[in-house]
Structures are given as C-alpha cells and as structure tokens.
Amino acid sequence: MRRAFVIQFDGVVTDEHCRGRIEHVDSGRHDHFNSFAEAERFARQVLDEEELNEPDAGRADLRRRTTING
C-alpha cells in the first residue's frame, strides 16, 4: 500500500475550492490542505521521499510493468 492515500474533505468540494486532510496509509504521515494542488503536492512529496528511502522499489515496479506489458 505504498501509494495509498486517504483523503477526507471538509465541506463542499468545487472545482475552485476544497479543504480537508490527506494521509499516507503506509507511513501515517498526514497534512491538511486548502486546494487540490496542496493535496497533490503533499502526495508527491511523500512518494518521492519514500522512493528515496527505498531505491529498489522503483526499479521493482518498472520490472513488474515491463513484464506485464510485454
């Protein structure tokens, strides 16, 4: 579940506005956001840091995709 996140929205979500909380399931790291861009930024940061901590994980994913796709 390295790439799984739980997102909880506070109130009404529109194209211009959203607020809530995002949590990375595997690590438990979380943050509050006030826009989709902030939520995405947090998710990318967590995934980038996780990949740096486990450099072979990215290569394993690439090998698995290559095997599945041909």
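Does Glu 40 count as buried, partly exposed or exposed, and at what relative accessibility? In this predicted model, Glu 40 counts as partly exposed, at 41% relative accessibility. The side chain of Glu 40 meets that of Arg 44 in a salt bridge, with N to O at 2.9 Å. Both residues belong to helix H1, and because they are 4 residues apart there, about one helical turn separates them. Arg 44 is exposed, its relative accessible area being 52%.

To set this pair in context, the overall fold comes next. The protein holds 3 strands and 2 helices, and from the N terminus on the order of these elements is β-β-β-α-α. Of its 70 residues, 17% count as buried. The accessible surface comes to about 5500 Å², and carbon and sulfur atoms account for 49% of it. When contacts between residues at least 6 apart in sequence are considered, 23% of them join residues at least 24 apart.

Phe 9, Val 13 and Phe 36 make a nonpolar surface patch of about 340 Å² together with Ile 7. Ile 7 lies in strand S1, residues 5-9, and counts as partly exposed at 42% relative accessibility.

With a relative accessible area of 0%, His 24 is buried. The side chain of His 24 reaches the backbone oxygen of Arg 2 at 2.6 Å. Not counting residues up to four places away in sequence, His 24 touches Met 1, Arg 2, Arg 3, Ala 4, Phe 5, Arg 29, Val 46, Leu 47 and Glu 50.

Charged pairs complete the picture. Side chains of opposite charge can pair when their charged atoms come close. The whole structure contains 3 salt bridges, one of which is the pair of Arg 44 and Glu 40 already described. Another joins the side chains of Glu 23 and Arg 21, at 3.0 Å from N to O. Glu 23 is partly exposed, with a relative accessible area of 25%, and Arg 21 likewise counts as partly exposed, at 25% relative accessibility.

A further salt bridge connects Glu 49 with Arg 29, and the closest N and O atoms of this pair are 2.6 Å apart. This pair links distant parts of the chain, 20 residues apart: Glu 49 sits in helix H1, whereas Arg 29 is found in the loop between S2 and strand S3 (30-33). Glu 49 is partly exposed, with a relative accessible area of 31%, and Arg 29 is partly exposed as well, with 27%. Arg 29 is also one of the residues that His 24 touches.

Key:
Residues numbered from 1 in each chain as written. Predicted model: local features only at pLDDT ≥ 70, side-chain atom pairs only at ≥ 80, totals over all residues. Heavy atoms only, no water. Buried < 20%, exposed > 50% of the residue type's maximum accessible area, 1.4 Å probe, protein only. Polar contact = N/O pair within 3.5 Å; in protein donor to acceptor, adjacent residues only side chain to side chain. Contact = heavy atoms within 4.5 Å. Patch = residues over 30% accessible without salt bridge, like charges linked within 9 Å, V, L, I, M, F, W, Y side chains within 5 Å. Areas by Shrake-Rupley, 256 points an atom, 1.4 Å probe, with all protein chains shown as cover. Salt bridge = Lys/Arg side-chain N within 4 Å of Asp/Glu carboxyl O.
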